[in-house]
Amino acid sequence: MLVNPQTWFDPTNVGIHGIDECAVRDAKTFHQLHNWLCGWTADELVICHTHFDRVAFQQACEECNSPAMTCTWLDSARVARRAWPEFAQRGYGLANVARHCGISFQHHDALEDARTAGLILLKAIEETGHDLAQWLKLVRRPTGAGVAICRAGDGDGALVGESIVFTGALQVPRRQAADRAADAGADVQPGVTKTTSMLVVGDQDIAKLGGHEKSSKQIKVEALIVAGQPIRIIGESDFMALTSITE
């Protein structure tokens, strides 16, 4: 939905999003849309990537002397910085994180940006095993506070000596899978490195190994395999079978 801001248009901004005076000439003002917007988002969770959108809405409410939105905000950039160690300090812009997650989108289009921010959150939930309620708390912690799932192998099972990374949608929570791996003797890493020896892929994602919808972890593992690193790629069912071996 377009909004008439009743102000001048900076050519720099128009160059980014393509919206000019002509596009909003017949659009409603923010004041006219305020009640609808607040009603639509009341007590809902609203995802934004970095604080820009949240601040823009806050300033718009102040400008028209209207109450602030009562939604709960969750910054997907803060999620990404805690879900993936490589984004903890830099590189956590929307386009870069979307590329890492295998999400294609048209940048600087409002609907596309919003959709992508939501998909990044879902990807973080999938890969870390932390649910929505946990992420609302985790984003308040400093980066590097242990959000990513890591385990040191402390068992004597079938996976002793393995260094495991999980990817895709697992049937069990990621934390539970990591605990099983550690009990079977494996170390669990949050991301693929030169020490990775096994990639465990969700069974429903195994079929994609021969296609084009692979996760960034799968792509990186395949490149390391081609380069000579001995890494095995197995499905969740095989992983569960291995971790069930006690003798």
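Modeller: A residue counts as buried when its relative accessible area is under 20%, and as exposed when that area is over 50%. The model is predicted.

Colleague: Is E127 buried or exposed?

Modeller: The cut-off for a buried residue is under 20% relative accessible area. The relative accessible area of E127 is 8%, so E127 is buried.

Colleague: Which helix holds both E127 and K123?

Modeller: The side chains of E127 and K123 form a salt bridge, with N to O at 3.8 Å. The two residues are about one helical turn apart because they lie 4 residues from each other within residues 110–128, that is, in helix α6.

Colleague: How many residues apart are E127 and K217?

Modeller: E127 also forms a salt bridge with K217, whose closest N and O atoms are 3.3 Å apart. This pair links distant parts of the chain, from helix α6 to helix α10 (residues 216–226), and its members are 90 residues apart.

Colleague: Which strand does the partner of E162 in a salt bridge belong to?

Modeller: E162 forms a salt bridge with R232, the closest N and O atoms being 2.4 Å apart. E162 sits in the loop between α7 and β3, so the pair ties together parts that are 70 residues apart in sequence, and R232 belongs to strand β6.

Colleague: What is the relative accessible area of R232?

Modeller: E162 counts as buried at 14% relative accessibility. R232, by contrast, is partly exposed, a class that falls between the buried and exposed cut-offs. The relative accessible area of R232 is 44%.

Note on methods
Residues are numbered from 1 along each chain as its sequence is written. This is a predicted model: local features need pLDDT of at least 70, side-chain atom pairs count only at pLDDT 80 or more; totals for chains, interfaces and linings use all residues. Side-chain values use heavy atoms; hydrogens and water are left out. A salt bridge is a side-chain nitrogen of Lys or Arg within 4 Å of a carboxyl oxygen of Asp or Glu. Buried means under 20% relative accessible area, exposed over 50%, partly exposed in between (1.4 Å probe, protein chains only).
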